[in-house]
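Here is a briefing on aromatic pairing, core packing and annotated segments. Look at the structure first, then read the points below.

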Amino acid sequence: MNSLFLAIAVALMVRSLAAARLDRLNLGAPVVLVLAGVAVGLLNEDSLSAVLNTQAVQQAAEIILAVLLFTDATEVRGGRLFGGSGGLVARVLLIALPLSLLLAMACGWLLFPGLPWPVLLLIAGVVVPTDFAPAERLVRDRGLPTRVRSVLNVESGYNDGIVSPLFLFALILAGDHDQQRTPLDALGTAIPFALKALVVGVVLGTVLALLMNLAERAGWMTGQSGRITVLLAPLLTYTVTVGIDGNGFVASFICGIAFRYVHRLAKARRLRSTPAGATHALSQDFHLLEDITSVLTMTMWFMVGIAAVLTVLIGIPWQVVVFCALALTVVRVGPVLLSLIGSRFSARERLLVGALGPRGTTSIVFGLLAFNRLPEGPTADVILVITVICVLGSVLVHGIGARPVTRLLTVTP
């Protein structure tokens, strides 16, 4: 493990030292870190499975997901539940997302008839959530209509938090060796887990935000200590929730929503401005969290490179290639277009929202968790292969191919 950490540190250092130059060459962090992971994987072919399937990797993936969920929740803009495009985002999250999960399960049933439905739900949970890590420039592209970027931003912040309890429920049903349960036991476990997570997330998010606001008003905090407080919030929430047998991922996500809402309103009152006017001041408190999240995200891309080598060794069935192609296109585009029927979006804007749905860090973490927590065998291997092919396919489709699609769909006739 020491050599793995050293390799990750060197790869992150090289990327950081040459970030501006690499960006100008259209070599973003995902591409660079995946290539570095592939290089390390090729040098350690005999121990790849042992490296990925360890308790340390599992725990690291869980902590990373908790931090990412908190970060996503705190990055939602506008001060409302669904940001500034509430109705449109609600359509995508509450209609398109469930339909995409069902459609992914249906595609999996056709292509992998031997897999039970809990495993199909688990795979759907891996391939459906969107994340703009592999296409960061895309969401900042001023060529995109503002409301399209707004919907994509808010959706990517919320969908992993919505999918995570379903994913963990499916993981229990699929045969998680940490928590083997019957279906009824799994349901009886999932509901209390979720309820505890909701309570802990709301309480800790609210209390931590209020304490931070009081400390700032009393002059007890510095800028640095404020940033550290924000960073520790998801770690504390996840640890407390897991300690009482709750869903730490859901709790971290709910904590992020509550924390930002309470902290933002209190800061607005203290600065005697509107909530919108406090956004800039508030964002400074999240700088350290955003930097740490970037490091964690790049680490996950490095692990994808290692997993890619293992995937080649395992073999890539044609069913996996077809499934991932469907997951990156039809599984998302169809439900999104259906959910936006009758909305104020034009036909091109609807197609943009559907077409621009990259898969990234959330899929990586979910895939690694499934690979680690399921018993070794064909099922775990299939999930790992699907994760790698889907994510790398998204880098090509939504990273390299997104700009031509965007230009095509935004050019006026």
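Buried means under 20% relative accessible area, exposed over 50%, and partly exposed in between (1.4 Å probe, protein chains only). This is a predicted model: local features need pLDDT of at least 70, side-chain atom pairs count only at pLDDT 80 or more, and totals for chains, interfaces and linings use all residues. Residues are numbered from 1 along each chain as its sequence is written, and side-chain values use heavy atoms, with hydrogens and water left out.

**Aromatic pairs**
- Rings of Phe, Tyr and Trp (its six-membered ring) pair if their centres lie within 6.5 Å; planes under 30 degrees apart count as stacked, over 60 as edge-to-face and the rest as tilted.
- The count is five aromatic pairs.
- Phe167 and Phe366 are stacked, because their ring centres are 4.3 Å apart and their planes lie at 15°.
- This pair links distant parts of the chain, 199 residues apart: Phe167 sits in helix H9 (residues 146–173) and Phe366 in helix H18 (residues 361–373).
- Helices are DSSP runs (H or I, at least four residues), numbered from the N terminus.
- Both Phe167 and Phe366 are buried.

**Nonpolar core**
- A nonpolar core is a set of buried Ala, Val, Leu, Ile, Met, Phe, Trp, Tyr and Cys residues joined through side-chain atoms within 4.5 Å.
- The largest has 114 residues; Leu52, Val127, Phe167, Phe302, Phe323 and Val353 touch the most other members.
- Helix H14 (residues 287–314) gives the largest share of this core, 13 residues.

**Annotated segments**
- The unreviewed UniProt entry annotates "transmembrane region" over several stretches, including 235–262 and 292–314; positions use the numbering here, feature names are shortened, and annotations may be inferred rather than shown by experiment.
- Residues 292–314 are 100% helix and 0% strand, with end C-alpha atoms 33 Å apart.

Technical notes
Helices (H or I, at least four residues) and strands (E, at least two) are DSSP runs, numbered from the N terminus.
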